[in-house]
Structure formats: C-alpha cells, structure tokens
Amino acid sequence: MVHIAIFASGTGSNALKIIDHFRNHSSISIALVASNKPGAGVLDIAERKNIPSLIIEKERFFRGDGYVSELKRRNIQWIILAGFLWKIPTSLIQAFPGKIINIHPALLPKYGGKGMYGHFVHEAVIEAKEKESGITIHYVDEEFDHGKHILQLTCPVEDTDTPETLAKKIQVLEHKHYPEVIARLINENLKIEGI
Ligand code: GRF
C-alpha cells in the first residue's frame, strides 16, 4: 500500500474529494490528514472519514525535523498539499524528493507566491482583466508555488465573472482533476520503481 498524507489549512473540499477518490483503493491509502490550524474544517472531515490527523506546530515544523520522523514512522510516501498555507521546510523536501505535490488556483507563474491564496488570487486575476485562469498542479520546492509543473488546465474569465464565480469554476476543475492526477503520478512512480 502507498500511504499518502494530505496537508491542508482550510475547509478541505479538495481533501474530501481526494479521500473519497481513494476510499477502498487497492494500492493507495490516505493515511493522514495534517493541519497547522487546530479548528480547520479539514480536521472534521478527517474525523468523519476515520482518517488519523495530526496538528503541525510551527516550532517543530520550521526549526525541528519538519515532522520527517513522524511521517516516516507512519510510513507516509507522498505528501499532497491541498490548501496548506505554510512553506514546506527543506528538511521535508529533502526527505520526500519528488513526492510532494501542490495545487494552485491560477496559471502559475502568474498569481502565485506568498499571500496569493484563496480569494486574493481570483481578485487579482479579475482586477488584471485576464481572459483566462485555471489550475496548476506542480511539484513542491523551497519557494512558494514554484516547483516543476505537472498539469495546467484553463477556464475562461468572462467580463461578468466576480472573484466568487471564478472561484467556483476553478474549484470544479480542482475537484475533477486533482485526485486523478495524484493517482496517475503514484501509479507511474510504482512502475518506474518496479513495484
Ligand atoms: C484550493 O483552491 C487550492 O487550489 C489551494 O487552496 C484551496 C483549498 O481549498 N491551494 P479547499 O480547502 O480544498 O476547499
């Protein structure tokens, strides 16, 4: 079994889609939901879905071992970020090379970086009168929203769109594609490793 940890700070609608997608999967299991926010909605989802959860504390995350020992102890092989707002420390990136994935609700490299999350992204896109936006699924490196792209998908931005209507369109794309992309990446990796 390949064990995945989902890292999320917010409501967790993507986390929920991923959890449901891999429920009863023959070779992939969501083994942990980790959050830096004790009251985050994603933790309720984990509880409801009977998935172990973990609160990530700042000191240990950034100045300790980045929770590497904890994740290894739980046999985690992949880390999926789904609305996780903290930067991933080098210790964690080095311990999981090529195995940490993020989704961003815009077409990177535009509208990414620190502070560019949630409604801030969609407001900036509308403000700039972009004709299209979309999603970027990418590997995580030491910089915010920066690693190698895995997939980008676009959607039109109409003159009548508001940050809220655009957010909805983007969310549809995220929910449809993130779980499938995760499954594809893990399966390809299993083939490469010959498992
Ligand atoms: C998503 O838009 C994702 O692209 C971003 O954070 C948001 C998380 O939303 N990285 P949710 O908590 O999954 O609803």
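First, the ground rules. This is a predicted model, where local features need pLDDT of at least 70, side-chain atom pairs count only at pLDDT 80 or more, and totals for chains, interfaces and linings use all residues. Residues are numbered from 1 along each chain as its sequence is written, and side-chain values use heavy atoms, with hydrogens and water left out.

Start with α7, residues 163-193. Helices here are DSSP runs of H or I with at least four residues, strands are runs of E with at least two, and both are numbered from the N terminus. α7 has 31 residues. From first C-alpha to last, α7 reaches 43 Å, close to the 45 Å expected at 1.5 Å a residue. That expectation is 1.5 Å times one less than the number of residues. There is a kink of about 30° at His177, shortly before Pro179. The bend is the angle between axes fitted to the seven residues ending there and the seven starting there. Just after α7, Gly194 has a positive phi of about 70°.

Now the packing. Two packed helices are described by the angle and the distance between their axes. Axes are lines fitted to C-alpha atoms, for helices over the stretch in contact, with angles from 0 to 180 degrees between N-to-C directions.

What about α1, residues 13-22? Its axis comes within 9 Å of that of α7, and the two cross at roughly 45°. The pair is therefore oblique. Angles under 35 degrees are roughly parallel, over 145 roughly antiparallel, 65 to 115 roughly perpendicular, and the rest oblique. Contact means heavy atoms within 4.5 Å. On the α1 side, the contacting residues include Lys17, Ile18 and Phe22. On the α7 side, Tyr178, Pro179 and Ile182 are among them.

Next, α6, residues 119-127. The axes of α6 and α7 come within 9 Å and cross at roughly 115°. That makes α6 roughly perpendicular to α7. His122, Glu123, Val125 and Ile126 in α6 meet Pro163, Leu166, Ala167 and Ile170 in α7.

Finally, the loops. Leu108 and Pro109 are joined by a cis peptide bond, omega about 15°. Pro109 sits in the loop between β5 (100-104) and α6. Asn24 is in the loop between α1 and β2 (28-35). Its phi is near 65°, positive in a residue other than glycine.
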